[in-house]
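Subject: Handover of a structural model

Dear colleague,

Please find below the structure that I am passing on to you.

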Amino acid sequence: MTMNDSKEKGMSLVVKTVTRISVGIILLYGIYIVLHGHISPGGGFAGGFIIALSYILFMLAFGKEEILKRIPQSMISALESLGAIIFLVIALLGFTVGYFFSNWLPKGTIFQLLSAGTIPISNIALALLEVSLGLFGIFLVLVLLKFNPKE
Amino acid sequence: MSTYFLCLILFSIGLYAIVRKRNIIKIIIGMVICSYAVNLFLVLFGYKMNGRSPLYSPNQQIADMVDPLPQAMALTSIVIGLATIALVVGIAMRIYEKYGTFDITKIKNLKG
Amino acid sequence: MKIVPLFIILPLGAAFLISLYGKKKKRFCDIFSSLITFTLFLISVYTIFSVNTRELPFIYKVGGWIPPLGIPLVIDSLTAFMLLIVSFITFIINLYSVNYMEQFTAKNKFYTLFLLMLAGMNGVLISGDIFNLYVFFELASIASYALVAYGTQAEELEAAFKYMAMGVVGSLFILLGIAFLYSNYSTLNMADMAKTLTTQGVNKAVAFASVLFIVGFGLKAAIVPFHAWLADAHPAAPAPISAMLSGILIKSLGIYSLFRVFYNVLGANHSFLTLFMFLGTISIVTGGLLALGQTDLKRMLAYSSISQIGYVVLGLGLGTPMGIFGGLLHLFNHSAFKSLLFLNAGAVEYATKTRDINKLGGLRKKMPVTFNTSLIATMGISGIPPFNGFFSKLLIIFACIQSKHIGYGLWAIVGSILTISYFMKLQKNVFFGPLPKEHQETNEVPFLMKTSMVILSLVCIFGGLAALPRISKYFVKPAEKVLFEGKEYKNIVFKVVNEK
């Protein structure tokens, strides 16, 4: 009765309810992997991938209009380029110490959250802004491709 | 020794799929299998007998870890493979739009 | 010493900035990209003079980590020579594409991909570590796959798919080769690997890895068993991208990487050099024969590229000083006149909207600049004195005879005869003869396209001077010395690293 209703986009009610609970947990898990990139395995790419997966799950369950209301398409490409530029600027600021790409913030005691110099900042810039939006952008473009196949 | 052979067999399965299959999507799957095989091969080369995983944690000593450098190389290679496969899937979808088929024996506008 | 990473930082930063701002202001991306490529050209001129007067390479330790623990960026004479070629041709093609790419939409995406490809090529040239070379190789390859499919017409997509399928297999073979080399020597630094190889000698795993490298890099360099993608990909790309692909990408990613790994890292032994000479000669003859029967303008130029790269591989594979000098000089000459020929073909297509030489004719009165530059490029590539192609081909043929491989020299002469015959066919059908009715009102191309073609033709006319000893002392001769004394690479690199 509700599965083939043409007014409802996305998937069925069971999927929507489970997604409402779990998408926040997936996003939080991804952010945890990114922030602890210098202590435990993971880091920029793996964490960014998981954050992108949470966006994709939201889009699959609720339809593309919902996600486009929250993150419009122009913002995706702008933020993605901005993430790459921030990463390059952080690497360039290593020139102040002497060498390109060196680690120029003070490295605190090991295994603390705020140690290891520029590595956490690079992880955050890479994962939150570039990798997640890049992968989500690829998925969005492949879904939004309106095409008329030539018969 | 036999694990290296299994990796090369996986690579040749992927290569067979690229060379002999007629559907574009099967060719793309062949590319993915090939890159999995090469990444596995890279990680296998760093193995040391009775080594443990190369994580630096506060309560274990540093002795006999497996080599971590091939693991970093495999991570980079996975990301490069992701970008390549995303691009080839996009091109394959556009080919379906222009030609109407996924069969490579019918996509033959360029000859000579 | 601080200028070395600029070769990667400038195009990379500019690519992302253009992707961010390019849609808003129309002229912004043109002016910004031209400024960046011009700056890179000036930096490369400064680099080649300072490296060749210093006689020692520039080495930059990324992040401050000492090699072999870290990644060094090495500019020695061969790298500086290739950087000069890449920067110059990129600047000229950037000027050309300001006007040519008006036919397509989304120009900012074109410039982003173009600058990313340039960053990848520069990274391949200056990397001192073999895995770093692979990462930048992939960056340039992915950008070139996207640029070949840029117009999204049916043929361009098909050509891009064929190119990608072969390119992915080639890259995976290179990664397998790197895995074998790493497993043997447990280092990725090229100088360190060379040092360990001379003490330990060559075993079977290294021979297998060498064959994998020949397949992988040879596929990007379009050496004959692996040339099938070039004939489809080069005509389908837009004209400035065809000029980039055929003029510098196959040389930077294919020929440079192949010969850097073979001469400096693995040590060139006799059987591999014979293999290179054999493959080069087959490329010369196959490319020439296949180009004779073409009717598409750019497809004929693509097959001609295969033939000329065969000359370069033959020259570099000889292993004698004159052979390597001739090969490197032919590399420089080929980028000049092949880029000019592809830009001319693009100008003809821009003006008349067709590429079929049976439908063209008599354009020499309507498009005088294009006709004159095309004639100069044709005389250069056919080896007519005093244009630049004559000197490099003569040096390669002399080097073949001098090292007693007379058969290869004869095949090189046959290739030269084939070259002049199909270029005569092209000139006659496109520029001479009667003007067809539908092309009566074509006129000359816009100003920037004309300027770029004229500058390249000046290089074609005066390029023969680069063979003189007084000029080549600063330019080609140190590059040839790096390759000929291949084992000195590691000594020089370690000397410069240890003296800081």
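I begin with one residue. Not counting residues up to four places away in sequence, C:Asn122 touches C:Phe7, C:Pro11, C:Leu40, C:Leu83 and C:Val86, where contact means heavy atoms within 4.5 Å. C:Asn122 is placed in helix α4 (residues 107-126) of chain C; helices (H or I, at least four residues) and strands (E, at least two) are DSSP runs, numbered from the N terminus. With a relative accessibility of 1%, C:Asn122 counts as buried; buried means under 20% relative accessible area, exposed over 50%, and partly exposed in between (1.4 Å probe, protein chains only). A polar atom of the side chain of C:Asn122 lies 3.1 Å from the backbone oxygen of C:Phe7.

As to conventions, this is a predicted model, in which local features need pLDDT of at least 70 and side-chain atom pairs count only at pLDDT 80 or more, while totals for chains, interfaces and linings use all residues. Residues are numbered from 1 along each chain as its sequence is written, chains are lettered from A and ligands numbered from 1 in the order in which they are written, and side-chain values use heavy atoms, with hydrogens and water left out.

Interface of chains C and B

Here 35 residues of chain C are in contact with 34 residues of chain B. The two chains bury about 3100 Å² between them, and carbon and sulfur atoms give 81% of that area; buried area is the accessible area (1.4 Å probe) that two parts lose on being put together, summed over both. C:Glu158, C:Phe161 and C:Tyr182 supply 20% of the area that chain C buries against chain B, more than any other three residues. The interface of chain C and chain B has zero salt bridges, a salt bridge being a side-chain nitrogen of Lys or Arg within 4 Å of a carboxyl oxygen of Asp or Glu. Three residue pairs are in polar contact across the interface of chain C and chain B, both residues at pLDDT 80 or more. A polar contact is a pair of N or O atoms within 3.5 Å; within protein, one must be able to donate a hydrogen and the other to accept it, and residues adjacent in sequence count only if both atoms are side-chain atoms.

On the side of chain C that touches chain B, α5 (130-148), α6 (154-185) and α12 (297-318) of chain C each supply at least two residues. Of the helices, α6(C) gives the most to that side, with 21 residues.

Interface of chains B and A

This contact takes 16 residues from chain B and 14 residues from chain A. About 1200 Å² is buried between chain B and chain A, 81% of it on carbon and sulfur atoms. B:Tyr56, B:Met93 and B:Glu97 supply 37% of the area that chain B buries against chain A, more than any other three residues. Across the interface of chain B and chain A there are zero salt bridges and zero residue pairs in polar contact, with both residues at pLDDT 80 or more.

Chain A

Chain A has five helices and zero strands. Of the 151 residues in chain A, 34% are buried.

Nonpolar cores

The largest nonpolar core has 207 residues; such a core is a set of buried Ala, Val, Leu, Ile, Met, Phe, Trp, Tyr and Cys residues joined through side-chain atoms within 4.5 Å. Helix α6(C) gives the most to this core, with 19 residues.

Salt bridges

Over all chains, the whole structure has eleven salt bridges. One of them joins the side chains of C:Lys107 and C:Asp30 (3.3 Å, N to O). C:Lys107 lies in helix α4 of chain C and C:Asp30 in helix α2 (residues 26-54) of chain C, so this pair ties together parts that are 77 residues apart in sequence. Both C:Lys107 and C:Asp30 are buried.

A further salt bridge joins the side chains of C:Glu158 and C:Lys162 (3.4 Å, N to O). C:Glu158 and C:Lys162 are four residues apart in helix α6 of chain C, and are therefore separated by about one helical turn. C:Glu158 is buried, with a relative accessible area of 3%, whereas C:Lys162 is partly exposed at 30% relative accessibility.

With kind regards
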